[in-house]
Amino acid sequence: MIRRAGILVAAFVAAGYAAPNEGSVSPITLRAAAERRGLLVGAATMSGTLKDLRHAETLAREFNLVTPENEMKWAFIRPTRQTWNFAGADRLVAFAEKHKLAIHGHNLLWYAHNPPWLTAMPWTPAQTQQLMTEHIGTVVGRYRGKIAIWDVVNEEINEQGLLRKSLWSRAGTNYLSLAFRTAHEADPKAHLVYNDYGIEEVNRKSDGAYALLKSLKAQGAPVHGVGFQCHVEGNGPDLESFARNLQRFADLGLDLHLTEIDVRIKVPATPQDYARQARVYRGLIATALKNPRTKSVTTWGHSDAHSWVPSFFKGFGDALPFDARYQPKPAYEAMRQAMMESAPRH
């Protein structure tokens, strides 16, 4: 434990920040820094993880937005065609309401995390469309007025920049427009987002996402924003390309969201690793906040105690702004400084 504390102190120094005292909390939290400039700063979580009191307390103190990590996905919320399970989602909504956190709902349509009953059947286009609209209408309608932002469509562009051949593409050529219209009808005040990974820089995949959203806008689909997941490693994306990419989506009339930030590093990590990670966090957020259409910044979890990274990326971890003991890392200070130094909105 002493060695771990020493590594973090050295990491703060390497990143150019003053190291906090053990157990200290910044007088200006991430939440306060964000609210000063009219920004939402969020973290993803699972309802069961809220039983960890340190996790729940840190989430409520530091953030003003929460994203359900899994419990609003099809596989969790609709285990059979006849059965709906809203228990976990309802607990998260109740926590958010108690602590005055906005909610970013995740997600309504995705090619993954679907229940076996849904994926096993050769549904006709009409059946697929009916299942899709029934589901979106039911889920969005249940939380009408409670969920500020919805990821309506998640990761529907493949690595070549083309629409995936997924379960949902069976619903007809205008299935994505229909998904957004259905969500809008269920809650006209909700902010509706297309969300994807690997589209931070100008590249083949982001070109595909741009073309898709431009087409949806031309069709009159009520799509209001685009989510850049920002699951990154190393030195992160090229920031000049990132800025140009953000601007072209903004020019479509879309708001911008960083939706799932984590910066994975090899473990065990060195002070230099944590310092580099902090620079990536700061670069991502500072670059995004230069664009006035950036509305939210969300990390995929907030503590290394509960992170998907080690299970999916062998040899990597420590991807989040708080360590496994809920102590702030240089990445935390990088986020805070990026928000404090950005110009406030008027």
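**Entry 1**

I began with A286, which is found in helix 11. I note that this is a predicted model, in which local features need pLDDT of at least 70, side-chain atom pairs count only at pLDDT 80 or more, and totals for chains, interfaces and linings use all residues. Residues are numbered from 1 along each chain as its sequence is written, and side-chain values use heavy atoms, with hydrogens and water left out. Helices (H or I, at least four residues) and strands (E, at least two) are DSSP runs, numbered from the N terminus.

Is A286 buried or exposed, or in between? I found a relative accessibility of 26%, so A286 counts as partly exposed. For the terms, buried means under 20% relative accessible area, exposed over 50%, and partly exposed in between, with a 1.4 Å probe and protein chains only. I also looked up the separation of A286 from A334: the two are 48 residues apart along the chain, and their C-alpha atoms are separated by 9.3 Å.

I then turned to the helix pair. Two packed helices are described by the angle between their axes and the distance between the axes. Axes are lines fitted to C-alpha atoms, for helices over the stretch in contact, and angles run from 0 to 180 degrees between N-to-C directions. The axes of helix 11 (residues 271–289) and helix 13 (residues 330–341) cross at roughly 25° and come within 8 Å. Helix 11 is therefore roughly parallel to helix 13. By the cut-offs, angles under 35 degrees count as roughly parallel, over 145 as roughly antiparallel, 65 to 115 as roughly perpendicular and the rest as oblique. The crossing of helix 11 with helix 13 is right-handed; a crossing is left-handed if the near helix is turned anticlockwise from the far one by less than a right angle, and right-handed if clockwise.

Which residues of helix 11 and helix 13 meet? On the helix 11 side I listed Y274, Q277, A278, Y281, R282, I285, A286 and L289, and on the helix 13 side P330, A331, A334, M335, Q337, A338, M339 and E341. Contact means heavy atoms within 4.5 Å. The residues of this contact between helix 11 and helix 13 divide into twelve nonpolar, two polar and two charged. Ala, Val, Leu, Ile, Met, Phe, Trp, Tyr, Cys and Pro count as nonpolar, Asp, Glu, Lys and Arg as charged, and the others, Gly among them, as polar.

Helix 11 also meets helix 10 (residues 239–250): their axes come within 10 Å and cross at roughly 35°. This crossing of helix 10 and helix 11 is right-handed as well. L239, F242, A243 and L246 of helix 10 make the contact with G283, L284, T287 and A288 of helix 11. Here I recorded six nonpolar residues, two polar and no charged.

**Entry 1: Strand 3 and its partners**

I next examined strand 3 (residues 102–110), where eight of the nine residues are buried. Two strands pair if DSSP finds at least two bridges between them. Strand 2 (residues 65–68) pairs with strand 3 in the parallel sense over two bridges, and L65 stands opposite A102. Strand 4 (residues 149–154) runs parallel to strand 3 and is joined to strand 3 by five bridges. In that pairing, H106 stands opposite D151.

I looked up A43, whose place is in strand 1 (residues 40–45). A43 is buried, with a relative accessible area of 0%. Leaving aside residues up to four places away in sequence, A43 touches L59, F63, L65, V66, T67, T298, T299, G301 and H302. A43 and L59 are 16 residues apart in sequence and 7.4 Å apart in space, C-alpha to C-alpha.

In strand 6 (residues 225–228) I found both faces covered, with G225 and G227 buried on one side and V226 and F228 buried on the other. Strand 5 (residues 191–196) runs parallel to strand 6, and four bridges join them. V193 has G225 as its bridge partner in strand 6.

**Entry 2: Backbone exceptions**

Most residues other than glycine have a negative phi, and most peptide bonds are trans. I noted a cis peptide bond joining H106 and N107, with omega about -15°; N107 lies in strand 3. The peptide bond from V267 to P268 is also cis, with omega near 0°, and P268 is found in the loop between strand 8 (255–266) and helix 11.

K100, which is not a glycine, has a positive phi near 60°. K100 is in the loop between helix 5 (87–98) and strand 3 and is exposed, with a relative accessible area of 66%. H113 has a positive phi of about 55°. H113 is found in the loop between strand 3 and helix 6 (116–119) and, at 35% relative accessibility, counts as partly exposed.
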